[in-house]
Amino acid sequence: MTASVSDEPPAVRPWSRLLALPSSGDHGFRTVLIGIVGLWALLYALNPRFLTVGNLSNLLLQIAAVAVLSMGAVIVLVLGEIDLSMGSVSGLCAAVMAVVNTKMGIPAPLAVVAAILCGLAIGVVHGVVVTRFGVPSFVVTLGGLLTWQGVQLAVLGEQGNLNITDTFIVSLTSTYVPTWLGWTVTLLASAYLLTPVAIRRLRRGRPSRERTSWPKLLLTRVPVVALVLAGGALLVNHRGIPLVVLIVLAVAALMSYVLTHRRVGRHLYAIGSNAEAARRSGVRVDRIKVAAFACTSGLAALGGILAASRLFAVNQSSGQGSLLLLAIAGAVIGGVSLFGGVGTVWQALLGSLLIGSIANGMDLLSMPSSYRFTVTGAVLVLAVVIDAMARRRAARRG
Amino acid sequence: MTASGPSATPVLELRGVSVTYGAVRALSGVNLSVGRGEVLALVGDNGAGKSTLVKSICGARPPDEGTIRLGGEAVVVDNPRRAAELGIATVFQDLALCDDLDVVDNLFLGREVRRKPWGNLDHAAMESRSWDLLGSLNATTIKSVRAKVARLSGGQRQSVAIARALVGDPRLVLLDEPTAALGVAQTAEVLDLVRRLRDHGIGVIIISHNMADVMAVSDRIHVLRLGRTNGVFTTAQVTVDDVVAAITGASVRAEEGAGA
């Protein structure tokens, strides 16, 4: 089937291969990975306690809520849209959950479901306004930011604070899964990463002479698998893998599956890349946009629930402050393009990890939060500069 | 090899097609036909109605009057999706490619191959089909079908756009100014693709301003002027001057072979 491929050698120059210059698409992933390693080394040098299992486990708990919002941001960013209301929606939905549970006495699991449905409905409203009336999503969700914040205050009522005592909700972010489950998940994930199915993707689409050999591919997977095994083992032996980590990873895996193996996922990238072309190819652009805004708001709701669970409360400032900006920054630092068509869920997770590490490390060094914001901001700009440079280089070569 | 005019039944036959935009009559009573394995060049000055005619055929702007017959059967093409179902594929001037997607995803956008029972995308099947399609067009310069389209050259992008037209096994392919933005070598590459479409027995309508391309690749030339047919020529029997004269209105020739 590949008989017609020309015999010319590939046009890639050897030196660029040696340097492994990032090319558009995967550069974000590699850059942010290097960034995390460098940052961790630096923080370790400044305070060895940073790299203890206890602290890293704590770091994962700290970033869970933002990471979920970041993954939500990926969906709209890939479309080439933005959602500025994620913070407010997370606060409102957490408030809905608290009211439904504590004031109305409805069982916690149902309250959680109600909160997420509430988020989905809000997203549908955003999506419909964007697609029906052609209002830019920036404006619609900026309006949403204020509107839903107002609704949140109304839902919380006079005293503006609701404590969460329900064990189910609290346990979301304070439980560690049993040893056997921790090991099962770790081993299953490692096994999956080593399966031919996962690895074949790396070989796809290349003529046979360009394909890397199986042993070589397995070898490149070994470090990743080693990292998963080591991380899993350390966490399991410490206090166990935090439940919320598994929740976040499950959401990420589900999203990744939909984005890469379902038609709607391909269409999402197509719309973000060239909406008119997608429309002409028969993609139902408007319907997918509405669904995307719904999912983003639904994930914002989930993030809000996790934040509330960690805080044991929902109050007037839930979902406010830097939450939204950190969520978007996490995705962008990870390599998700603001211009649409490019980005994965895993990039958002790594970006959140990087931002979370800055905050965690600076707390350990007992630096004031003024430094934290400044450094995070600088890292964000730096990440986008690197991204822009890689793009320009790729464009010049292409 | 050169197909000689429309054989038994033409792939596409237009009769008396008219389109009116408000008070402007963009097309009036155009008759046109394309046979199997025939390349028809559609030429005319700006505003002559070329784009309108293409839009009528590809379903973007159904005609107000007149009939469209595909393989002898009268059809109504009222939207792009219907056109695709009928086997009409259009390669737009802007190519309508998604730069951030790779070649495979672009080729199968909107017609993804899915696998039972869950309906997951069948990446492997689409990929091997992609190699087949590019191979059948002899588009050999594309090194990897997982390359992002943004990284391809102009000629390669054009190849992808044309290969995409072939995904649905079309009977008729419309090409809107396929060589407008290309260099000499890439133009030759694309004209080669057009000949290959013809060799597959597909009817081809190509819009072009470039007379050299028209003379090089077409079997017949259909000249539009001010929304009307102003001459249909057999390429082998005319000079560029004759065609240009028809385009500018310096001469009017009787229709031949368009079933007038």
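Which residues of α6(B) are buried, and what do they pack against?

Modeller: The model is predicted; local features need pLDDT of at least 70 and side-chain atom pairs count only at pLDDT 80 or more, while totals for chains, interfaces and linings use all residues. Residues are numbered from 1 along each chain as its sequence is written, and chains are lettered from A and ligands numbered from 1 in the order in which they are written.

Helix α6 of chain B covers residues 184-199 (helices, H or I of at least four residues, and strands, E of at least two, are DSSP runs numbered from the N terminus). From first C-alpha to last, its 16 residues reach 23 Å, close to the 22 Å expected at 1.5 Å a residue (the expected span is 1.5 Å times one less than the number of residues). The buried residues of α6(B) are B:T187, B:E189, B:V190, B:L191, B:L193, B:V194, B:L197 and B:R198 (buried means 20 or more other C-beta atoms within 10 Å of the residue's own, exposed 12 or fewer, partly exposed in between, with C-beta atoms placed from the backbone). These residues pack against strands β3 (39-44), β9 (172-176) and β10 (203-207), and against helices α5 (154-166) and α7 (211-217), of chain B (contact requires C-beta atoms, placed from the backbone, within 7 Å). Just after α6(B), B:G201 adopts a positive phi of about 85°.

In chain B, an open sheet of 6 strands runs in the order β6-β9-β10-β3-β11-β12, with mixed pairing (two strands pair if DSSP finds at least two bridges between them). At its edges stand β6 (88-91) and β12 (228-234), each pairing on one side only. From one strand to the next the twist averages 20° (axes are lines fitted to C-alpha atoms, for helices over the stretch in contact, and angles run from 0 to 180 degrees between N-to-C directions). Strand β11 (residues 220-225) of chain B runs antiparallel to β12(B), joined to that strand by 5 bridges; among the residues involved, B:I221 has B:F233 in β12(B) as its bridge partner. Helix α1 (residues 50-58) of chain B also packs on the sheet, where this helix touches β3, β6, β9, β10 and β11 of chain B. The direction of α1(B) makes about 150° with that of β9(B).

Other strands of chain B pair as well. Strand β1 (residues 12-21) is antiparallel to strand β4 (residues 65-70) over 5 bridges, with B:S18 opposite B:E65. Strand β4(B) in turn pairs with β5 (residues 73-75) of chain B, antiparallel over 3 bridges, and B:I68 stands opposite B:V75. The hairpin of β4(B) and β5(B) has 2 residues between the strands, and B:G71 takes a positive phi near 55° there.

Finally, chain B meets chain A: 33 residues of chain B are in contact with 32 residues of chain A. On the chain B side, the elements giving two or more residues are α2 (80-86), α3 (103-107), β8 (120-121) and α4 (123-136). Helix α4(B) supplies the largest share, 6 residues. By class, this side has 11 nonpolar, 9 polar and 13 charged residues (Ala, Val, Leu, Ile, Met, Phe, Trp, Tyr, Cys and Pro count as nonpolar, Asp, Glu, Lys and Arg as charged, and the others, Gly among them, as polar).

Methods: Contact = placed C-beta atoms within 7 Å.
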